[in-house]
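Subject: Structure for you to look at

Hello,

Here is the structure I promised to pass on. Please open it first, then read my notes beside it.

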Amino acid sequence: METVLVIPLYLVILSGIFWVGDLALLRSKSTFFDRFSAWSSGNRHDESSSSDLQNVLKQHFLNASKVGDQQVEEIRLKSKSSGQAWSSIAGASATVSIEPPVWTQGWRKVGLIMMEKEAAELKKTSFQSREIDSGWMHQVIMRTSDKYRDEVKPKDLAEKMEWLTRVYDSPWPDSWTKENNPSVSGGSPCMKYERHNKYVDWSE
């Protein structure tokens, strides 16, 4: 009698634990997807498109998954500026989705039927890596593509002093230095951005 009473409840609870675990693991993956997409789209040597990134992520991180039907539904990329600016901000947000595995649905349904409850199925769930009021889940400062900088030799920069006029004096992106920046909801906005001396030494 005790077994008859406990097993249905046990099946429902266990299926719920596994489903929450699947959601948590995919949430962790989606955080990585945001970072990977931002860095890949901002790479000045090979700027990846949204569709390219979706294919790469699916091939390397979702195809081998046996837990539900996991998909990268959308990757939104922040446009990357080009031209004279030495750096720009690249941003990305990935939207992922998951459907509960068949065995999770089955365990839950059996448990509810045994308890004489209506066995409504778990539905497909879509979400982003964080629940914040921001268009971009991950943003990073990247160097912009420029033919002159990619082809010029260090010796030419030193002899013509073009390092100062073309590179060092080029403006940094200012979208992180504004007060009350809506893209930094829930955190402290960066009021000022300065180049670190080590970065300047390395760049020279």
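**What I found**

Start at Phe33. Leaving aside residues up to four places away in sequence, Phe33 touches Leu57, Phe61, Leu62, Val72, Ala94 and Val96. Phe33 sits in helix 1. Is Phe33 buried or exposed? Phe33 has a relative accessible area of 1%, so Phe33 is buried. Gln54 lies 21 residues from Phe33 along the chain, and their C-alpha atoms are separated by 9.3 Å.

Please keep in mind that this is a predicted model.

**The overall layout**

The protein has 204 residues, and 32% of them count as buried. Its secondary structure comes to seven helices and four strands. What order do the elements run in, from the N terminus on? The order is α-α-β-β-α-β-β-α-α-α-α. Now take the contacts between residues at least 6 apart in sequence. Of these, 73% join residues at least 24 apart.

**Helix 1 against helix 2**

Two packed helices are described by the angle between their axes and the distance between the axes. Helix 1 covers residues 2–41, and helix 2 covers residues 50–62. The two pack at an angle of about 140 degrees, and their axes are 11 Å apart.

Which residues make the contact? Helix 1 brings Lys29, Phe32, Phe33, Phe36, Ser37 and Ser40. Helix 2 brings Leu53, Val56, Leu57, Phe61 and Leu62. By class, this contact of helix 1 with helix 2 has eight nonpolar, two polar and one charged residues.

**The aromatic rings**

How many aromatic pairs does the structure hold? It holds four. One of them is Phe32 with Phe36. A pair of aromatic rings is described by the distance of the centres and the angle of the planes. For Phe32 and Phe36 these are 5.8 Å centre to centre and 35 degrees between the planes, and the pair is tilted.

Look at where these two sit in the chain. Phe32 and Phe36 are four residues apart in helix 1, so about one helical turn separates them. Phe32 is partly exposed, with a relative accessible area of 35%. Phe36 is partly exposed too, at 26%. Ring pairs also link Phe32, Phe33, Phe36 and Phe61 into a cluster.

**Helix 1 against helix 3**

Helix 1 has another partner. Helix 3 covers residues 102–114. Helix 1 and helix 3 pack at about 150 degrees, with axes 8 Å apart. That makes helix 1 roughly antiparallel to helix 3, because the angle is over 145 degrees. Helix 1 passes helix 3 in a left-handed crossing.

On the helix 1 side, the residues are Ile7, Pro8, Leu11, Val12, Leu14, Ser15, Phe18 and Trp19. They meet Trp103, Thr104, Trp107, Arg108, Val110, Gly111, Leu112 and Met114 in helix 3. The residues of this contact divide into 12 nonpolar, three polar and one charged.

Pick out Ser15 here. Ser15 has its place in helix 1. Its relative accessibility is 2%, so Ser15 counts as buried. What does Ser15 touch, not counting residues up to four places away in sequence? Ser15 touches Thr104, Trp107 and Arg108.

Best wishes

Note on methods: Residues numbered from 1 in each chain as written. Predicted model: local features only at pLDDT ≥ 70, side-chain atom pairs only at ≥ 80, totals over all residues. Heavy atoms only, no water. Axes fitted to C-alpha atoms, helices over the stretch in contact; angles between N-to-C directions. Contact = heavy atoms within 4.5 Å. Nonpolar A, V, L, I, M, F, W, Y, C, P; charged D, E, K, R; others polar. Buried < 20%, exposed > 50% of the residue type's maximum accessible area, 1.4 Å probe, protein only. Phe/Tyr/Trp six-rings, centres within 6.5 Å; stacked < 30°, edge-to-face > 60°. Parallel < 35°, antiparallel > 145°, perpendicular 65-115°, else oblique. Left-handed = near helix turned anticlockwise from the far one by under 90°.
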